[in-house]
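Hi,

Here is the model we talked about, with some notes on what turned up in it. Could you have a look with the viewer open?

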Amino acid sequence: MSDTSHDRLLIIDFGSQVTQLIARRLRELNVYCEIHPYQNVTDAFLAEFAPKAVIFSGGPASVFDDGAPQPPASVFEMGVPILGICYGQQVMMHMLGGKVEQGHGTAEFGRAYVTPSDARIDLLNGWFLEAKEQVWMSHGDHVSQIAPGFEVYGTSPNAPFAITADVARNFFAVQFHPEVHHTPNGKTLYENFVKLAGFTGDWTMGAYREEAIRKIREQVGDAKVICGLSGGVDSSVAAVLIHEAIGDQLTCVFVDHGLLRHNEADEVVTMFRDHYNMPLIHVDESDLFLGELEGQSDPETKRKIIGKLFIDVFQKHATEVGGAKFLAQGTLYPDVIESVSFSGGPSVTIKSHHNVGGLPEKMGLKLVEPLRELFKDEVRALGRELGLPDSFIGRHPFPGPGLAIRCPGDITREKLDILRKADAVYIDQIRKHGLYDEIWQAFVAILPVRTVGVMGDFRTYDYACALRAVTSVDGMTADYYPFSHEFLGETATRIINEVKGINRVTYDITSKPPGTIEWE
Ligand code: XMP
């Protein structure tokens, strides 16, 4: 358990795909919350955690399953408000004396509309401004009889008990998912819930910063910490925060693998070493990486080579720091959430992502992960709080394997040079047109094909490239950015005029899925 000084809300996770979004909605309301899988929530845990309110998440199980997930019965005796969502509603009814029925034609998946009953409750303030409220349903089973003490406050065609409450005990149970985007007014419901639970909204980024610093000091003591700096927002914010906590006990290692963008190494080194006065080891290992990658064209092979070399190189230079006991990482909340896997197996590997996996065990290091409770945009907010320049915080994500995965086929220095130049022109165009902040990520990929062109009176035979720009919330799904034809035409002209080696420019209009954001 991480935080003790704020009012805390406990989310008991029953394995829903969208449990994180509940946490997300609460953080937007400045409420401190933690998600814990139901197996870990024992009587003793509840007593120690002392939540001011509890939310039961949804989940894929059925209360009819053998060993169906349940919270401890003592949760209902704590005298705190409880909100059950979807499976959370069903388990609540099941345990408190109501009834649940199996699907059989009454399953609901997707958009549905809830209409109100005559009585109103505080949980629904600001709801039902229209005669019905759009919600997102995703359930097979449904409640068929509510528990004693509960009343119905909203119904949908396939969920007669869409919104129920035992107002005397402050127990609320809804069949739909208020946390998802498709329940447009869902945030209001959470807002009402935390208000009636007495939360004051005291969990701010400033408070987070202070507490994070205190915790880092506590964890690290006077030991040394090393941090792999990639120049990305997450590792940068982690480094600045840790530096603020423990000063020069922190050393950053920045590995230049020769696959960085134009000027990237200089920008990172200048900012961290010169501006923040942070001890920083900057190693140029481009010969090693590019040498090992020579002749390799398979995307997974390239990723694996880079991942392995990164660990080797990092380890080699980290030992120069001498006696470091901790490794700092910019791990975010979505990466670490302890969720219950009901699927029984890992999901398919689409790409082997590059990180420092395996390193802590290999080097006998403990991890410092001060961002593990934050989502990406909260990390950006913390970065601003720490005074990192906006130009740095707002940077588009850049993958660990760098330009290697934007250079399908063989990687050569010549191609990387061309790619770097084209990318710089493209990003300059995007900035000049004021579009940078509207786009999640934009870059150029150099294609492994030469095509014929004509420039002036001469024939050319040069590389083709693809421009990519996507909008996204979290990188998991993405849409291509709808540039104007004028913008695309002007950008293509600039790239062909300014970058020797490219004579054809295309625009990638694939969304994700079915495409991925990067080309490899
Ligand atoms: P894809 O291409 O999988 O990318 O749709 C989703 C997001 O992840 C980034 N990405 C990576 N980031 N190491 C990283 O740190 C990686 O190996 C890696 N591969 C992809 C990608 O740039 C996009 O933002």
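Asn263 sits in the loop between β13 (250–256) and α7 (264–275), and has a positive phi of about 65° despite not being a glycine. Helices (H or I, at least four residues) and strands (E, at least two) are DSSP runs, numbered from the N terminus.

Before you read on: this is a predicted model, where local features need pLDDT of at least 70 and side-chain atom pairs count only at pLDDT 80 or more, while totals for chains, interfaces and linings use all residues. Residues are numbered from 1 along each chain as its sequence is written, and side-chain values use heavy atoms, with hydrogens and water left out.

Cys86 is another non-glycine with a positive phi, about 55°. Its place is the loop between β4 (82–85) and α3 (87–96), and at 4% relative accessibility Cys86 counts as buried. For background, most residues other than glycine have a negative phi, and most peptide bonds are trans.

The peptide bond from Lys512 to Pro513 is cis, with omega near -15°, and another cis bond joins Pro513 and Pro514, with omega about 10°.

Now the helix pair. The axes of α5 (residues 205–220) and α12 (residues 376–385) come within 10 Å and cross at roughly 80°; the axes are lines fitted to C-alpha atoms over the stretch in contact, with angles from 0 to 180 degrees between N-to-C directions. That makes α5 roughly perpendicular (65 to 115 degrees) to α12. Met205, Gly206, Tyr208 and Arg209 of α5 meet Glu378, Ala381, Leu382 and Glu385 of α12 in this contact (heavy atoms within 4.5 Å).

Leu382 turns up again in the largest nonpolar core, which has 97 residues; Leu382 is among the members that touch the most others, as are Phe272, Leu371, Tyr426, Ile430 and Phe483. Such a core is a set of buried Ala, Val, Leu, Ile, Met, Phe, Trp, Tyr and Cys residues joined through side-chain atoms within 4.5 Å. Beyond its neighbours within four places in sequence, Tyr426 has contacts including Phe443, Leu467, Phe483 and Tyr507.

Finally, 13 of the 14 residues of α6 are buried, so α6 is largely enclosed by the rest of the structure.

Cheers

Notes: Angles under 35 degrees count as roughly parallel, over 145 as roughly antiparallel, 65 to 115 as roughly perpendicular and the rest as oblique. Buried means under 20% relative accessible area, exposed over 50%, partly exposed in between (1.4 Å probe, protein chains only).
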